[in-house]
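Here is a short briefing to read alongside the model.

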Amino acid sequence: MNITRSTAVRTTAAALTLLGALAASVPAIAADPPQGDFTATGVRIHSGYTLDSPVRGHGNPGDGYTWMGGQSTGAEEVRCPDGQVKDHWTYVHNNRTGVEGYVSDCFIREN
């Protein structure tokens, strides 16, 4: 296979153009994702955004969490200790234990 210099230059230019287009289409990732903490002892960290989904672990005040995402579409409503009803669950990383999963927004607060 004989590749001429002009073919190599065109191929390299096309590849760089494609890489630039791909980089422009990737959303920016926050350098520092939001942090917070658990508001009660023994908060269940679930594998899904329903109360009956398997529990992966627990969070406690002082553990801290890192926000990894959230879910409200299809999420189960939860009655909070203060009487509010929330249907948003946040996917968190427990900073002390390393456990990741969904927690009802009733039981976490952002710093």
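Strand S7 (residues 89-94) is largely enclosed by the rest of the structure, because five of its six residues are buried. Buried here means under 20% relative accessible area, while exposed means over 50% and partly exposed lies in between (1.4 Å probe, protein chains only). Strands (E, at least two residues) and helices (H or I, at least four) are DSSP runs, numbered from the N terminus. This is a predicted model: local features need pLDDT of at least 70, and side-chain atom pairs count only at pLDDT 80 or more, whereas totals for chains, interfaces and linings use all residues. Residues are numbered from 1 along each chain as its sequence is written, and side-chain values use heavy atoms, with hydrogens and water left out.

**The partners of S7**

- Strand S4 (residues 65-71) runs antiparallel to S7, and six bridges join the two; strands count as paired if DSSP finds at least two bridges between them.
- Within this pairing, look for Trp67, which stands opposite Val92 in S7.
- S7 also pairs with strand S8 (residues 100-104), again in the antiparallel sense, over five bridges.
- Here Trp89 has Ser104 in S8 as its bridge partner.
- Five residues lie between the strands in the hairpin of S7 and S8, where Gly98 takes a positive phi near 85 degrees.
- As a reminder for viewing strands, side chains in a regular strand alternate between the two faces of the sheet.

**The salt bridge**

- How many salt bridges are there, counting a side-chain nitrogen of Lys or Arg within 4 Å of a carboxyl oxygen of Asp or Glu? The count comes to one.
- That contact is between the side chains of Arg96 and Asp63, at 2.7 Å from N to O.
- Arg96 sits in the loop between S7 and S8, and Asp63 in the loop between strand S3 (55-59) and S4, so the pair ties together parts that are 33 residues apart in sequence.
- Arg96 counts as exposed at 57% relative accessibility, whereas Asp63 counts as buried at 8%.

**The disulfide**

- A search of the whole structure finds one disulfide, defined as a pair of cysteine sulfur atoms within 2.5 Å.
- Cys80 is joined to Cys106, with an S to S distance of 1.8 Å.
- The torsion about their S-S bond is about -65 degrees, so the disulfide is left-handed.
- Distant parts of the chain are linked here: Cys80 is in the loop between strand S5 (78-79) and strand S6 (85-86), and Cys106 is in the loop between S8 and strand S9 (108-110), 26 residues apart.
- Cys80 and Cys106 are both buried.

**Around Ser53**

- Ser53 is found in the loop between strand S2 (43-46) and S3, and is buried with a relative accessible area of 11%.
- The Ser53 side chain reaches the backbone oxygen of Thr50 at 2.8 Å.
- Leaving aside neighbours within four places in sequence, Ser53 is in contact (heavy atoms within 4.5 Å) with His46, Ser47 and Gly48.

**The whole chain**

- The protein chain holds one helix and nine strands, in the order α-β-β-β-β-β-β-β-β-β from the N terminus.
- Of its 111 residues, 28% count as buried.
- Among contacts between residues at least 6 apart in sequence, 55% join residues at least 24 apart.
- The protein chain exposes about 7,300 Å², with carbon and sulfur atoms supplying 56% of it; accessible areas come from the Shrake-Rupley method with a 1.4 Å probe, and for residues only the protein chains shown count as cover.

Terms used
A polar contact is a pair of N or O atoms within 3.5 Å; within protein, one must be able to donate a hydrogen and the other to accept it, and residues adjacent in sequence count only if both atoms are side-chain atoms.
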